[in-house]
Each structure stands twice: as structure tokens, then as C-alpha cells.
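Trainee: Please take me through the model shown here, with the cut-offs behind each term.
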Number of protein chains: 2
Amino acid sequence: MTKFDEATQAIRVDETTYDVCLDPGYSIGGPLNGGYLMATLLRAVADASPHPHPVSTSAQFLKAALPGPARVVLEPLKTGRTTTVTRATLVRDGDACLDTLVTTAALDGAPAAWSATPAVAMPPVEECVALPDPRPESGMTLSERMELRYDPPTVGWFTGAPTGRPESRAYFRLAEPQDPDPFVLALAVDALPPVAFSAGARGWSPTVELTWHLRALPAPGWLTLIGSGRLIRDGWFDEDVEVWDAAGNLVAQSRQLARLGRGDAT
Amino acid sequence: MTKFDEATQAIRVDETTYDVCLDPGYSIGGPLNGGYLMATLLRAVADASPHPHPVSTSAQFLKAALPGPARVVLEPLKTGRTTTVTRATLVRDGDACLDTLVTTAALDGAPAAWSATPAVAMPPVEECVALPDPRPESGMTLSERMELRYDPPTVGWFTGAPTGRPESRAYFRLAEPQDPDPFVLALAVDALPPVAFSAGARGWSPTVELTWHLRALPAPGWLTLIGSGRLIRDGWFDEDVEVWDAAGNLVAQSRQLARLGRGDAT
């Protein structure tokens, strides 16, 4: 079992309750990463469903979650031939941290009938760059668990040269070798620095809502994350992330609505 | 009171229950339109919230809803200074038809700090076309309540000439004169024919999940709906709709995941 599989384990207590252990290795400086929380919650949802794949997940982030024991509470809403719909809530220390509506189904691997192509071509991975390791006192343990290789202009903000528009692009894989699966994709859709950083914003950008759709099972290898935004207004911004696999398939689509950090430049 | 305002009224029974009357005028041939159902549900959510605007709505469509009396049941999840999060369920005849997670907040009308532009330029409204009225026996009453003027190529499928890619674009307004507001936007984001029709698909395309974000309060006048899709695969397709107001502002963004109709060409 890989570290990621272990850290996202969900142990069945009864039909509607799973125990989980929120792992300090997925921290973004105290609170845990939202994608990691979704991956853990989705393990419980998928285990309890007659359908194996979380094709659609809508998540409201209610409260920052700290490491430690927690529960996933399921409420079955509908089961049909094609889909199962479940409400799933991650509860830690009596508080709901994450509330979700999830549709599960079975993706059968049929080829795409029609597909768009990536909006932006990525340079080869060798021409992409890592960000420096965070200072140990930052508590950003998440960056040790995953490898990100950024399209250089989209991390220009890091050295004071933002591109001026919301964007963020990188190759992604887990640090410990593991083929991507739907749970790794849940982590991947929330793995990029906020796209608003490239537009000059700064600071903690809390996600309010994130919806992502699993569109195909990913092939082994690097994933490509193409992040962009359409509007920064009234303290809110949107972040769209497409995940493409190494075989060139669009495997996940996400959009989140987030708050701008304080002290931002826009 | 306009017909639309009347048809989406939600009457408070107690803190967590609202009575509604689902209006037969918003039917798509028996079942009611999903955008109309969202608008009605959001009236209840907004009335019960200390924050006036539904900035983020994630909806799972569980069961087709027929006209008649129904209830909106609210479950408050979080109230903070900036946002309130509510779970809201539309229940008709004992069955949950629509289950949602909604964030309300107050948009203050600040100008955009950064905005994209529409991906496709629309021809002027005079060069756009209406579709013929549906046959009375189709039960498509919805089309009498709203005016849509389509970008001609994107309704080529209607005369056997689909463009070959998922897209749908139109100007939109209510048939009875009414300035757009957030509830009209809830109707607008689900008002276009499925984008998959332009890619050659046919038949009833049930929405499984739809998430939309209110990004600004719309100016009076025509709304512009820009619909597109990224992938048609395994019986599923995505539909993205941006709503731009007459002043050129991006006022709403939606994405839905839907099932392809049976007997489709793709």
C-alpha cells in the first residue's frame, strides 16, 4: 500500500459511517489540503456505492480540517441502474469540515466520441521547473508528497513577475511512484497554487466551492494540469483545472469558486 | 409581480420549510426545466439567509419534477460574516427531486479586477434566429416563457446540419418584460438546447449535476449565453455556459454533467 492509499483509507463502521485518519503529511501549513480531504471522503463513498467511480463531486468547504481521527457520514440519496447519488460529510471533532454531493457510476473505457484539445500547449517536462522547497516552519508538508513541474511563466509571480492573468500549469505526479487513479485525481484538481497569483493576488485563498468531474480513468505517467480563471471580482475568483493524462486524454475537469487573499494586488 | 416571480414564489412555513407551487408553464414536455426548479429553490434559500445573493449553487437532479405543490427543505450548514452555506432539497410528493448545496453572500457591485472576454463573438441579435414554436402536443410550455435568438450555426442541427462540435449560443430574455436578476440567471444557465446536439447527438439528455456561480448582478437587457463542451465520452458530456449581460459583464458561469440521449449519433 502506498503512503497516499494509506493516508486516504476509509474503514467501514456501518452502512453510513466510515472512520478515517487525516494525515499530517497533506498539510498546507496547518489545515489540510482540500483535494486530500476529497480523496479520503471519496474512498468511503466509492466503497459504499454499487458503482465504482466518483464521476461528479460537488464540495463545499465549511471549515479547515486539522490532522487526526475523523468520520465520513453518508446519506444515500438515489440508486439507479446507471448512477448512485450520495451526500457525504467529513466530520472532525463534531464539526462538518466538508459537505459534498457525489454521483458514482461505472466508466467503461470507451474512446472519446468527441474531445477538445488542451487550450495551451505545455513545454516538455524537462523545460518545466519546480518551486523551491517550502521552509520547514511553514508546515507545508503537502509539497513533499507530490511533484509539480511548472510551465515557467505561470510561476513568474514567485519571483515578482506575474503574467497578469489568472493561470497556473504544471505536470503532476505523486512523489512515491503510484499510477494515477480517481482518488489521485481528487488531489490533482486542487494541487496548483491559486490561479489568482498569476494575476497579482497574494495570500491564503480559501476555496468556497469546488466541483469536479471524472471523465475517464487515467493512464500511467505524468498528469498535466491546465489551470485558468475567467473573472476576478468583488473578492471572488474562479479557477478551472483540466487534467490530461499521459496518453492525451481529458480525465478530469474542475472548477472552484474561491475568495481572494487579503492584501492582494488586484 | 411578473409571471416568473409568481411561478418561483416560496412561502415560508417555518425556519427550514418553504411551500412552493411548481408551475406547468416551465415544462419541457412533462417534467419541469431544471433551471426553473433551481430558481424556485433559490428563492427559499435567499429568503432564509442573512446574505442576499446565491453566489454558488451545486445541484444534483435526482428525479424529474412534475407541476404542483412542493416543498423546499433547508438545512443550515454554516453562517459566517461573508457567507452562509445551506443544503436545500426540493421535495414533491414525498420524493427529493433536486438536492443542492448553496452558498449565499453579498455582491457589492465592485468593478471587475480582471475579466476574460467571451470565447466567441456573437452576431448582432437581429442576425440571430428563433427556433420554430414546438408542437402543442409536445408539452414544451417553457418556450413560451422565454425568448431565445440563436447564433445560426449552433442550431444547424435542427435542420440536419450540426457544426460537429458541442456548442450552443443565444441571446436570452424572459418573454414577459423583466430585468434579469439572480433567479432569472438560474433559469438562463439551463435554457439552451444541449450542446451535444451540435455534435450530432439527439434525444433527451438528462442533467445529472449542474453547478453555477453568480459572479455579478446583471444589467437590464438581453443576456448572452455562450455554451460549449469539452468531451463526449462513455455516454457522458459536459456543458459549460457563460452568461454575459448587456453591459458586457460575465454575470454567471455554469457547468453541467449530463447523459447522452439514447439513439444519438456520436
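The questions below go from the relation of the two chains to their interface and then to single residues.

Mentor: This is a predicted model, in which local features need pLDDT of at least 70 and side-chain atom pairs count only at pLDDT 80 or more, while totals for chains, interfaces and linings use all residues. Residues are numbered from 1 along each chain as its sequence is written, chains are lettered from A and ligands numbered from 1 in the order in which they are written, and side-chain values use heavy atoms, without hydrogens and water.

Trainee: By what turn can chain B be laid on chain A?

Mentor: Copies are superposed by least squares on the C-alpha atoms of residues with pLDDT of at least 70 in both. The RMSD is 0.0 Å and the shift along the axis is 0.0 Å, with a turn of 180°. The two copies are thus related as by a two-fold rotation axis. In chain B, the C-alpha nearest that axis, at 3.2 Å, belongs to Ser58(B), and the turn asked for is 180°.

Trainee: How much area do chain B and chain A bury between them?

Mentor: Contact means heavy atoms within 4.5 Å, and 63 residues of chain B are in contact with 63 residues of chain A. Buried area is the accessible area (1.4 Å probe) that two parts lose on being put together, summed over both. Of this area, 52% is on carbon and sulfur atoms, and the total is about 5,200 Å².

Trainee: How many salt bridges are there between chain B and chain A?

Mentor: A salt bridge is a side-chain nitrogen of Lys or Arg within 4 Å of a carboxyl oxygen of Asp or Glu. One of those between the chains pairs Arg215(B) with Asp238(A), with closest N and O atoms 2.7 Å apart. Another joins Arg255(A) and Asp240(B) at 2.5 Å, N to O. The count between the two chains is 8.

Trainee: Which residue of chain B forms a salt bridge with Arg230(A)?

Mentor: Helices (H or I, at least four residues) and strands (E, at least two) are DSSP runs, numbered from the N terminus. Arg230(A) lies in the loop between strand 11 (223-228) and strand 12 (231-233) of chain A, and its partner is in strand 13 (residues 236-244) of chain B, so the pair joins two chains. The closest N and O atoms are 2.5 Å apart, and the partner is Glu242(B).

Trainee: Is Arg169(A) buried or exposed?

Mentor: Buried means under 20% relative accessible area, exposed over 50%, partly exposed in between (1.4 Å probe, protein chains only). Arg169(A) forms a salt bridge with Asp151(A), the closest N and O atoms being 2.9 Å apart, and Asp151(A) is buried at 6%. Arg169(A) has 8% relative accessibility, so it counts as buried.

Trainee: Which residue has its backbone nitrogen 2.9 Å from a polar atom of the side chain of His53(A)?

Mentor: His53(A) is in strand 3 (residues 53-61) of chain A and is buried at 13% relative accessibility. Beyond four places in sequence, its contacts include Thr103(A), Leu214(A) and Leu217(A). The backbone nitrogen in question belongs to Leu107(A).

Trainee: What is the relative accessible area of Ser168(B)?

Mentor: Ser168(B) lies in strand 9 (residues 167-174) of chain B. Leaving out residues up to four places away in sequence, Ser168(B) touches residues including Thr154(B), Leu192(B) and Gly227(B). Ser168(B) is buried, and its relative accessible area is 1%.

Technical notes:
Polar contact = N/O pair within 3.5 Å; in protein donor to acceptor, adjacent residues only side chain to side chain.
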